[in-house]
Amino acid sequence: MACTSCSTSDGGAPKGCKNNGTCGTDSCNKLTVFDWLSNMSLPGGQAPFDCVEVRFKNGRKEFYRNAEKVTLSIGDIVATEASPGHDVGIVTLTGELVKVQMKKKAVNHEGEVPKIYRKASQKDIDIWSNARDKEEPMKVRAREIAIRLQLEMKISDIEFQGDGSKATFYYTANDRVDFRQLIKEFASAFSTRIEMKQVGFRQEAARLGGIGSCGRELCCSTWLTDFRSVNTSAARYQQLSLNPQKLAGQCGKLKCCLNYELDTYMDALKDIPDMETKLSTEKGDAICQKIDIFKGLMWFAYIGNFAQWHILKVAEVKEIMEQNKQKIKVAALEDFAIEVEKPEAEKTFQNAMGQDSLTRFDQPKKKNKPNKNRRPQIQGQGQTQGQANPNQNKPNPHERKRTDEVNPNQNKPKSNGPKIRNEKKDPNK
């Protein structure tokens, strides 16, 4: 469910209204409410309920009385009563469901309820938008001042009043904080009225929002409004590992979702012995190590041999406990233990076309090319006695080339002409 500004673009990607939680239709905000009575008419002669629910920044909601009988619907921006001045918010719920919400939150609709002045004008909306734009840089400056004063606190959010006359600083701290010097610094730096409001760590996570370990938005920022106490016993009953990193949420406290399935586990544990169960056998005493609640199995190990576990059914454990109550020891746990066969892993991978080979991107190995600059081996060199040389009768082209170079005229044909002798003539003849 989203507002009309959150339609998709031409490429299919969501554009987003980019209002950061202030879109007018109030359908993509925190803690939204669906008015399932909007299409139903009231009985004849009954006046509509005169209170409405108005939402402010980060899911903060208040109830106001429509004393002026202004025609309001979900998504209207209204100016409401505040001290001092006025505030600006968005109507999120009207009609009879507001009475149900007020009863749920223990607000008396017959008592004194703040009033709605009017529908917000364009001037009111402009002042409200300008004040909202100042909040983020002001939060950075406020944190710098708190660090300089060495105060152990964390300023998580700042909310301006609709008319811009007051700024509320939400912070978290473990101990009490002295604000006397801090408020003076804030008043001189921001030139506005300052109000400090301490919230819990769960409320801080609800205001800021985020993504949980399950991959969905935080429950406290989407639909959860009441924060019940969560302790480690809820994790013990569900046989969860007491690892603080896995059990803690974004707020640093135990996850609220640990309480969701606790009742189911408590009902299942009624017929199962607790973890403190100790069985006595002739081989020795055994202590419970693990419980599978829904399969009805318990793991036991002998004292002194905790490396070897024995799996017993709940009915057999109860039987051994009854015999131990009668001071009768069973022979050994091996007589009652069962073997749980591990299911074979299903082979769902199929490679019909050979396109999913792990080595399909590897380059093929190159063959070794002969080295042209390598000196050829002389015939008979390096051969051991008794080994035949397969190339013994083959002519060696390199050797023939070397012979030609030594005597280039060796293979030339002989001429049949007369031989000329170079002899010295005797001068006396």
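These exercises walk through a predicted model.

Residues are numbered from 1 along each chain as its sequence is written. Local features need pLDDT of at least 70, side-chain atom pairs count only at pLDDT 80 or more, totals for chains, interfaces and linings use all residues, and side-chain values use heavy atoms, without hydrogens and water.

**Exercise 1.** Find where Lys57 sits, and decide whether Lys57 is buried or exposed.

*Solution.* Start with the strands (DSSP runs of E, at least two residues, numbered from the N terminus). Lys57 lies in the loop between strand S1 (51–55) and strand S2 (61–65). Next, check its area. Lys57 has a relative accessible area of 13%. Buried means under 20%, exposed over 50%, partly exposed in between (1.4 Å probe, protein chains only). So Lys57 is buried.

**Exercise 2.** List what Lys57 is in contact with, leaving aside neighbours within four places in sequence.

*Solution.* Contact means heavy atoms within 4.5 Å. The partners are Arg132, Glu135, Asp157, Ile158, Glu159 and Arg207.

**Exercise 3.** Which residues touch the most other members of the largest nonpolar core?

*Solution.* Such a core is a set of buried Ala, Val, Leu, Ile, Met, Phe, Trp, Tyr and Cys residues joined through side-chain atoms within 4.5 Å. The largest has 20 residues. Met153, Ile155, Phe169, Phe186 and Met196 touch the most other members. Now take one of them. Beyond residues up to four places away in sequence, Ile155 touches Lys139, Ala142, Arg143, Ala146, Phe169, Tyr170, Tyr171 and Phe186. A second, separate core has 19 residues, including Tyr302 and Phe336.

**Exercise 4.** State the average pLDDT of the protein chain.

*Solution.* pLDDT is the predictor's confidence in each residue, from 0 to 100. The average is 80, and 74% of the residues score at least 70. Over residues 382–388 the value falls below 50.

Conventions
Helices (H or I, at least four residues) and strands (E, at least two) are DSSP runs, numbered from the N terminus.
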